[in-house]
Amino acid sequence: QVQLVESGGGLVQAGGSLRLSCAASGRAFSTDAMGWFRQAPGKEREFGGAINWSGSSTYYADSVKGRFTISRDNAKNTVYLQMNDLKPGDTGVYYCAADVSRSSLGLRPWNAVEYDYWGQGTQVTVSS
């Protein structure tokens, strides 16, 4: 079992920044690939980015590339999502997810079904 707890969400003006954290417990977090997704009201869950076990490889959705950065600290069992130049379209509930079946990024890191465990989410609201 893996427990994931997101934090760091909030209300920010367009152009601002937030850093989300996802604290993991329950198993060897350092061997898992991790992902960040978001879901806006009335919309499908959307992929944001993913990171391999060591942090040496990342992959981002085009919508956030150049603005968002994923990193991880395996000693702290935590993965981060640094979000810069936020836009109103970034508003939503942000979820982290763990892919416990692989350490490297899979062929489809954007696919939510690749992930086995999910956090409860943290709300991010970007005002214009």
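Colleague: What is the volume of the largest cavity?

Modeller: The largest cavity has a volume of about 50 Å³. A cavity is a set of points on a 1 Å grid over the protein atoms alone where a 1.4 Å probe fits but cannot get out, and lining residues have an atom within 4 Å of a point. Grid points are joined across faces, edges and corners, and the volume is the space filled by probe spheres set on the points.

Modeller: This is a predicted model, in which local features need pLDDT of at least 70, side-chain atom pairs count only at pLDDT 80 or more, and totals for chains, interfaces and linings use all residues. Residues are numbered from 1 along each chain as its sequence is written, and side-chain values use heavy atoms, with hydrogens and water left out.

Colleague: How many cavities of 30 Å³ or more does the search find, and which residues line the largest cavity?

Modeller: Over the whole structure, two cavities of 30 Å³ or more are found. The lining of the largest cavity consists of Ala33, Asp99, Arg102, Leu105, Gly106, Arg108, Pro109, Glu114 and Tyr115.

Colleague: Asp99 is in that lining. Is Asp99 buried or exposed?

Modeller: Buried means under 20% relative accessible area, exposed over 50%, and partly exposed in between (1.4 Å probe, protein chains only). Asp99 counts as buried because its relative accessible area is 3%. Asp99 belongs to strand β9; strands (E, at least two residues) are DSSP runs numbered from the N terminus.

Colleague: What does Asp99 meet there?

Modeller: Contact means heavy atoms within 4.5 Å. With neighbours within four places in sequence set aside, Asp99 is in contact with Asp32, Ala33, Glu114, Tyr115 and Asp116. The side chains of Asp99 and Arg102 also form a polar contact of 2.6 Å. A polar contact is a pair of N or O atoms within 3.5 Å; within protein, one must be able to donate a hydrogen and the other to accept it, and residues adjacent in sequence count only if both atoms are side-chain atoms.

Colleague: Which cysteines does a disulfide join?

Modeller: A disulfide is a pair of cysteine sulfur atoms within 2.5 Å. By that rule there is one disulfide, and the residues joined are Cys22 and Cys96, with S to S at 1.9 Å. The pair links distant parts of the chain, 74 residues apart: Cys22 is in strand β3 (residues 18-25) and Cys96 in strand β9 (residues 92-99). The link of Cys22 and Cys96 is right-handed, with 50 degrees about the S-S bond. Cys22 and Cys96 are both buried.

Colleague: Which residues have the most contacts inside the largest nonpolar core?

Modeller: A nonpolar core is a set of buried Ala, Val, Leu, Ile, Met, Phe, Trp, Tyr and Cys residues joined through side-chain atoms within 4.5 Å. The largest one here has 30 residues, and those with the most contacts inside it are Leu4, Met34, Trp36, Val79, Leu81, Met83 and Tyr94. At least two residues of this core come from each of β3, β4 (33-39), β5 (46-51), β7 (68-73), β8 (78-83), β9 and β11 (122-127).

Colleague: Where does Thr78 lie, and what does its side chain reach?

Modeller: Thr78 lies in strand β8 and is classed as buried because its relative accessibility is 9%. The Thr78 side chain reaches the backbone oxygen of Lys76 at 2.8 Å. Beyond four places in sequence, Thr78 has contacts with Ser21, Cys22, Ala23, Phe29, Arg72 and Asp73.

Colleague: How should I read a positive phi?

Modeller: Most residues other than glycine have a negative phi. Asn77 is not a glycine, yet has a positive phi of about 55 degrees. Asn77 sits in the loop between β7 and β8, and is partly exposed because its relative accessible area is 27%. Asp85, also not a glycine, has a positive phi of about 50 degrees. Asp85 sits in the loop between β8 and β9, and at 40% relative accessibility Asp85 is partly exposed.

Colleague: Which residues does Ala112 contact beyond its sequence neighbours?

Modeller: Leaving aside neighbours within four places in sequence, Ala112 is in contact with Phe37 and Trp118. Ala112 lies in the loop between β9 and β10 (117-118) and is partly exposed at 29% relative accessibility. Ala112 and Gly35 are 77 residues apart along the chain, with their C-alpha atoms separated by 8.8 Å.

Key: Helix = DSSP H or I, 4+ residues; strand = E, 2+ residues; numbered from the N terminus. 1 Å grid on protein atoms, 1.4 Å probe; cavity = no way out; pocket = protein on both sides within 12 Å on 5 of 7 lines; lining within 4 Å.
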